[in-house]
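Student: Hi! Could we look through this one together?
Tutor: Happy to, let's open it up.

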Amino acid sequence: MAPFTKAGTALAALREDLSGEVFAPGDAGYDEARTVFNAMIDRRPAVIARCESPADVVTAVRFARELDLKIAVRGGGHSVAGMSLNDGGLVVDLRRMNGVTVRPAAKAALVGGGATMSHLDRACQPYGLATTGGRASTTGVGGFVLGGGSGWLDRKFGLAVDNLLGAELVTAEGELLQVTARDHPELFWGLHGGGGNFGIATSLTLRLHELPSMAIALVLCLPEHGPEVVRTFRDVIEAGPREAGGAAFYLTAPPEQFVPPHLVGRMLSGALLTYAGPEEEMRALAAPLLAVPHVAEVVTAIPYADLQCMTDDPPGMRNHWSAEYLTQAPDAFVDVFCARAGSMPVPTRTQHLLWPQGGAIAEGPDDYPVPYRGASWAVHPFGVWEDPADDERCRQWVKDVRADAAPWSTGAVYLNLTGDEGADRVVAGLGAENMRRLGALKRRYDPDNVFRYNHNIRPA
Ligand SMILES: Cc1cc2nc3c(=O)[nH]c(=O)nc-3n(C[C@H](O)[C@H](O)[C@H](O)COP(=O)(O)OP(=O)(O)OC[C@H]3O[C@@H](n4cnc5c(N)ncnc54)[C@H](O)[C@@H]3O)c2cc1C
């Protein structure tokens, strides 16, 4: 933006007014500021406003409105479709707003809109408190919670949205609202799954729960034992308490200490049983899994915040994923799931995952726009690779997993783990009935669809 034009003058004023930093093309730091988790995303915003306070966010939104710039919001930058970036618009970068204040007596945390799961988990751990978080410590709390939020603790404590008690929100008009069940109740409802469609959450208040202990049993098996380990995991979960969670999977064996060196780089099957309770109880539950022939195991108590880092993926990889909810996972589904592992791109960091629903998820408030409470299982093809030459086969494999799941699909998808798969899939992720209500809410709070870099709800 040239100086002396309206845009140039406004940009100079933004640089002056913001307590955080401003990056425009050509500025030192601009390329780092526009880098997101998915290395396939390469977009060039006109301005990136790295905000430090709610007042900065208001200033940035008003700047964008004055210049008629579309606004993307960056929390943890982990959206697979790169929804925290745009071309030629403004990015409100919340990364510096990552403070977490734990109120142990109230069992609540006030979480900055740009905090990551690691900021949240590490702040809660000393108090023996936790809430449902994503399965990677680097994911942004904002995008994760507003989009539903599924993790190791959801069968015990509900979806992340079930623990969202309030938000401070900057609207498309640049107004700062305190949104709770009492103040702005309809907007409060919409934030429980509607993502960043209605504004920028500068902070979120989350309910915390006591979590004195956590334990896991991880087993890795040769692929020929895949059907047995997946079925056993399913049976353990379906007969087990809500403290039990985790996932069954196929993956390329990582170079970890517990993996026999000759198997590193080969495809393995396996299961991770997580348990929100003492190790002894988990060991009893895990006995059938540990009886499946396996090549590696890790059975241990583990602090929740450490478990959260255990499956972190490095940035700089290419990503394409999807997620379908299932009515059930009978043997016929398990056979299809395991057969599809045969074409999984290996060796890459791709994972083929099946995770359980049920417990507190099924019992949460039934009117939030998360139409997958009743599902029993979810299948998640998580395509992660390095070489652009693998783009086509990895994308195709994700599509194939979706197609395989169709006979058992509830019809709902999980938008947080879905790329840009079109408007119908957004309806499938939010529910057709909810979509009408969300559209009316969008018309009220963002009639110009300024916040469109998300799983977009069009103003009704
Ligand atoms: C390695 C990895 C592991 C994951 N594991 C899980 C998992 O276990 N469970 C799960 O449910 N999801 C998981 N996810 C998906 C994750 O929840 C979504 O990608 C989520 O959108 C990421 O949020 P973010 O803030 O990091 O992303 P961003 O890309 O910054 O934002 C994603 C979307 O949310 C909006 N947004 C972000 N912050 C705010 C805010 N403060 N106010 C308003 N809008 C905001 C953005 O505008 C954008 O539309 C994982 C993703 C990755 C990369």
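**Strands and helices**

Tutor: Let's start with a pair of residues: Gly 112 sits opposite Ser 203 of strand 10. Keep in mind that this is a predicted model.

Student: Which way do strand 6 and strand 10 pair, and over how many bridges?

Tutor: Strand 6, residues 108-112, pairs with strand 10 in the antiparallel sense, over five bridges.

Student: And how many bridges join strand 8 to strand 10?

Tutor: Six bridges, and those two strands also run antiparallel. Within that pairing, Ala 167 faces Leu 204 in strand 10.

Student: Is strand 10 largely enclosed or open?

Tutor: Largely enclosed by the rest of the structure, because seven of its eight residues are buried.

Student: Switching to helix 3, which residues are buried there?

Tutor: Asp 56, Val 57, Val 58, Ala 60, Val 61, Phe 63, Ala 64 and Leu 67.

Student: What covers them?

Tutor: The cover includes helix 1 (6-17) and strands 2, 3, 4, 8 and 10.

Student: What length should helix 3 span?

Tutor: With 14 residues (54-67) at 1.5 Å a residue, helix 3 should span 20 Å, and its end C-alpha atoms are 20 Å apart, which agrees. Just after the helix, Asp 68 has a positive phi of about 60 degrees.

Student: Last topic: at what angle do helix 14 and helix 15 pack?

Tutor: About 100 degrees, with the axes 7 Å apart. That makes helix 14 roughly perpendicular to helix 15.

Student: Which residues meet there?

Tutor: Val 426, Val 427 and Leu 430 of helix 14 meet Ala 432, Asn 434, Met 435 and Leu 438 of helix 15. By type, the residues of this contact are six nonpolar, one polar and no charged.

Methods. Residues numbered from 1 in each chain as written. Predicted model: local features only at pLDDT ≥ 70, side-chain atom pairs only at ≥ 80, totals over all residues. Heavy atoms only, no water. Helix = DSSP H or I, 4+ residues; strand = E, 2+ residues; numbered from the N terminus. Expected span 1.5 Å × (residues − 1). Buried < 20%, exposed > 50% of the residue type's maximum accessible area, 1.4 Å probe, protein only. Contact = heavy atoms within 4.5 Å. Pairing = 2+ DSSP bridges. Axes fitted to C-alpha atoms, helices over the stretch in contact; angles between N-to-C directions. Parallel < 35°, antiparallel > 145°, perpendicular 65-115°, else oblique. Nonpolar A, V, L, I, M, F, W, Y, C, P; charged D, E, K, R; others polar.
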